Amino acid sequence: PLAKPPIGAATLQLLETLRDTFDYSALRNLLFSPFWGTEGAEEQHLRSTLFRRMQKQELREIPGSVLRTWTEKLAAEIAPESTLPAQLNQLGDWARRWQRAPAEIWAQRFSELLTRLQWPGTRNPNSQEYQQLMLWEQALESFAGLTEFSGALPLNKALQLLRQIASRTPFQAETRDGPLQILGVLEAGGLAFHHLRLVGFGQQQWPPPPSPNPMLPVQWQKDWKMPRASAERELELAQQLTADLLNGSADIVV
């Protein structure tokens with residue numbers, strides 16, 4: 001799922017900053033993430049020093065106001081040119097001002113937040129990271145499309161829905177074709193192979209049993225030979241596909 005690989009997980013964590021409260025695990029993930037801000041040595045030193053200082057506070061949860069105060073103090077001492085204090089101050093302001101809104105508005109706000117945090121970082125993404133970035137944009141568009149159905153959403157609900165969409169959006173990296181392909185029957189029909197193994201063609205599976213659409217008249221489906229409408233149609237289709245597969249290679253094991 002898109003919510004699991006590095007960029008997807010880091011992006012959702014960045015949006016969680018709008019809650020303006022952090023536990024130590026969330027703060028660690030935020031400060032040491034390479035997918036936002038700059039990567040200079042001074043900036044990284046500030047982030048690590050800030051995290052150690054927060055640990056010394058021994059707070060159960062770290063309010064955003066406390067984090068921002070210490071960020072400004074430490075930045076003045078060790079990284080006066082860091083943009084981190086300004087970024088966190090802006091996030092704190094948005095966390096106070098951004099109230100209930102339709103999903104479309106939340107999508108705009110989330111994009112604005114990510115831009116403010118210099119997401120996805122300063123280094124060039126590799127191929128898989130670039131594909132994740134493109135898929136993330138699609139997930140955000142899907143979230144914005146909920147506006148017609150969801151009404152005005154509080155922040156927690158908006159984040160929950162966006163995480164659900166990212167968790168249900170499959171990410172599969174595009175790679176070059178390999179020498180071994182695992183295909184479904186319809187995908188393999190008509191193709192040619194050096195070697196072909198047909199698996200799962202027992203009498204209980206092939207032809208597949210009919211399964212007419214329960215929302216349509218069964219006889220009408222049979223008359224129009226709709227998919228899965230009758231045993232006769234499934235047998236006819238299975239015979240055609242079987243003939244295609246058995247002509248797909250000179251080396252076949254069923």
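In which helix is the place of R109? R109 lies in helix α6, which spans residues 103–116; helices here are DSSP runs of H or I of at least four residues, strands are runs of E of at least two, and both are numbered from the N terminus. The model is a predicted one, in which local features require pLDDT of at least 70 and side-chain atom pairs count only at pLDDT 80 or more, while totals for chains, interfaces and linings use all residues. Residues are numbered from 1 along each chain as its sequence is written, and side-chain values use heavy atoms, with hydrogens and water left out.

The chain contains 12 helices and four strands. Its radius of gyration is 27 Å, well over the 18 Å that the globule rule gives for 254 residues, so the chain is more spread out than a compact globule. The radius is taken over C-alpha atoms, and the rule is 2.2 Å times the number of residues to the power 0.38. Along the principal axes, the C-alpha atoms fill a box of roughly 80 × 45 × 30 Å. Of the 254 residues, 36% are buried, where buried denotes under 20% relative accessible area, exposed over 50%, and partly exposed the range in between (1.4 Å probe, protein chains only). Contacts are defined by heavy atoms within 4.5 Å; among those between residues at least 6 apart in sequence, 68% join residues at least 24 apart.

Six aromatic pairs are present in the structure. The ring centres of W94 and W98 are 4.7 Å apart and the planes are at 10 degrees, so this pair is stacked. W98 also pairs with W106 in an edge-to-face arrangement, with 6.5 Å centre to centre and 85 degrees between the planes. Pairing applies to rings of Phe, Tyr and Trp (its six-membered ring) with centres within 6.5 Å; planes under 30 degrees apart count as stacked, over 60 as edge-to-face and the rest as tilted. W94 is buried at a relative accessible area of 5%, and W98 is buried at 11%. W106 is likewise buried. Ring pairs join W94, W98, W106, F110 and F143 into a cluster.

R109 is itself buried, with a relative accessible area of 14%. Beyond its neighbours within four places in sequence, R109 contacts W98, Q99 and A101. R109 and W94 are 15 residues apart in sequence, and their C-alpha atoms are 9.1 Å apart in space.

Helix α6 also belongs to the cover of helix α1: the elements covering the buried residues of α1 include α2 (24–31), α6, α7 (127–144) and α9 (155–168). Helix α1 comprises residues 6–15, and seven of its 10 residues are buried, among them I7, L12 and L15.

Q221 is located in helix α11 (residues 218–223) and is buried, at 1% relative accessibility. Residues up to four places away in sequence aside, Q221 touches P212, N213, L216, M226 and A229.
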